[in-house]
Amino acid sequence: MSERFRCIKIYGEQQGCRSCPVILQKSGLFFDSVKSLNILQFKFINLQPKNIEALKLEIQCFDLDQNPLGDHVLFQYMDLNVGKNESFGEQTPVYLSQNGARKFNIYVKKVYFEDDSNWEGDALLRPLSPQKDLEEFGELKQQFLFELKKVWSKTEGNIYPEDLEDFWYCTCGAVNLKSQTECIACDISKDELFSLLDFGFLLERKKEREEQDALTVQKKKRVRRKRRIALLFCVSATAVLCAGIFLYIEIIRPNNLYQQENIDLENGNYVDARNIYIELGDYKDSGNKQVEARYLEAEKTLELKRYDEAEKIYDELNNYKDSQTKKLECIYQKADELLENEKYADAVKLYAELGEYKDSPFKTEKANFKLAQIYMEQGELKEAYSILKEIKQVDLLDDYQDTYNECRYQIAQYNMKHRNMQTAYKELVNIIRYKDSRYQAARCAVNILSSPYLVKEEIAVLIKDFSRDFDDDQLAAIIYSAYGMTQRDDMLHNVAIIDGISYAGYREWLYSGKSLISAFQ
């Protein structure tokens, strides 16, 4: 910036929010010496494949002691044309009226896309976890880069890939939304990238590469030795040479290779053995041995927990031995690993693919139950309830009933908070024995009865309905409490007499000054 603007502070940490289509890569606070005002400048990154045309922000300002300053600042970026993984905002100042502001909450309110669609929310941007470098791999760093080039040659490994709660970090350094299956910067597949984080797999491949290098040296030595022998025979006589060559090519070499690869097969060098069996063609039973080597390779791969690779090999083997069953076992073990690592949504998908294999139906419900508990912890009650109500094997799941009741209880509390008393009442009477649901239902009943728009006939119907869930004493307390809010004693008294409720009990509550909660203790 020019001398007109003085830098006060640079905020270098990246910030984002679940499902929000942009992240804040960095920001800075400056002082405009001409206008004598502080300004903010932001650098946003588009995480969506769609171009962004405009973005609305809301900024809450605080002083150094975290005290709020003034009203929120509203700001909008207009007339943009920001593509995937492109930045914007770094040349646009946002002026602040409060020069004492040093801390800020940034909310992304709405994002407009070029296809006339938009994203709308109330996303408070929070700091993202710091990215780690490739030294996290230790001695396996070079092997990771080697395997990375195999699956995707278009990217360079710069950072350690991480799968976070709301985002994932690509090795190229790009931040991606959880829902993105490919990196927005280098287009590498997320699944292929994270399959390379298996340290056991990297260690095994490193060992195989070192063994392959040693084997190559040995084979070169054998070739040189055989060439020297062949040259010696050539000096002796052309006829002997021809006979020797024929004998070597047609009998000795195939037999040596066959015997050697039988040893490789027994020693677990399945890849090398299979390649030689392919080279030998129809020599003896090389065709059958080739398939057997591939099968044993799949078993070893499954033991190393490289599930996707093993599944692919079993699929290639089609109906050889129990390959199709082993293919299902690969998926099953991968799903178990996802379940153990608390990746419940991914585990549910795999268990669903398995159908009735082993105990997959139960584990589907177990994973769904765990997913519902996470939704409840995050306050996503609608999603949690939609899962919990579909679970069938409830007796096999610890704490299911308490979790189910708690979910409905929290839904009721949410509706009470937002004045949806009828909805909250229906939820609470369904779990009337859980916690203080009967009392909370009574609070809803009081609020419903206290509506100034009810007529006598409506009040009579409501009281009749409430009498099914409360005893006379509790109902009298409800009517009294509603009276206290509405001052309609005559109307409520007449209804009470009509429905046979003890008016004496009602009047006792009226003059005693008791609270509603005392009727439920």
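This is a predicted model: local features need pLDDT of at least 70, side-chain atom pairs count only at pLDDT 80 or more; totals for chains, interfaces and linings use all residues.
Helix axes here are lines fitted to C-alpha atoms over the stretch in contact, and the angle between two of them runs from 0 to 180 degrees between N-to-C directions.

Helix α12 (residues 400-417) packs against helix α13 (residues 421-430) at an angle of about 160 degrees, and their axes lie 8 Å apart. Angles over 145 degrees count as roughly antiparallel, and α12 and α13 therefore run roughly antiparallel to each other. Their crossing is left-handed. On the α12 side, the contact is made by Arg408, Tyr409, Ile411, Ala412, Asn415 and Met416, while α13 contributes Met421, Thr423, Ala424, Glu427, Leu428 and Asn430. Sorted by class, the residues in this contact are 7 nonpolar, 3 polar and 2 charged.

Next, turn to a sheet. Three strands form an open sheet in the order β12-β13-β14, with antiparallel pairing. The edge positions belong to β12 (162-163) and β14 (175-177); each has a single partner strand, so one side of each is left without a neighbour in the sheet. Between β13 (residues 167-169) and β14, the antiparallel pairing extends over 3 bridges. If you look at Phe167, you will find that its bridge partner in β14 is Leu177.

Finally, consider the charged side chains. The whole structure holds 29 salt bridges. One of them joins Arg18 to Glu380, with the closest N and O atoms 2.9 Å apart. This pair links distant parts of the chain, 362 residues apart: Arg18 sits in the loop between β2 (15-16) and β3 (22-32), and Glu380 in the loop between α10 (360-377) and α11 (381-388).

Notes:
Residues are numbered from 1 along each chain as its sequence is written. Side-chain values use heavy atoms; hydrogens and water are left out. Two strands pair if DSSP finds at least two bridges between them. Helices (H or I, at least four residues) and strands (E, at least two) are DSSP runs, numbered from the N terminus. Angles under 35 degrees count as roughly parallel, over 145 as roughly antiparallel, 65 to 115 as roughly perpendicular and the rest as oblique. A crossing is left-handed if the near helix is turned anticlockwise from the far one by less than a right angle, and right-handed if clockwise. Contact means heavy atoms within 4.5 Å. Ala, Val, Leu, Ile, Met, Phe, Trp, Tyr, Cys and Pro count as nonpolar, Asp, Glu, Lys and Arg as charged, and the others, Gly among them, as polar. A salt bridge is a side-chain nitrogen of Lys or Arg within 4 Å of a carboxyl oxygen of Asp or Glu.
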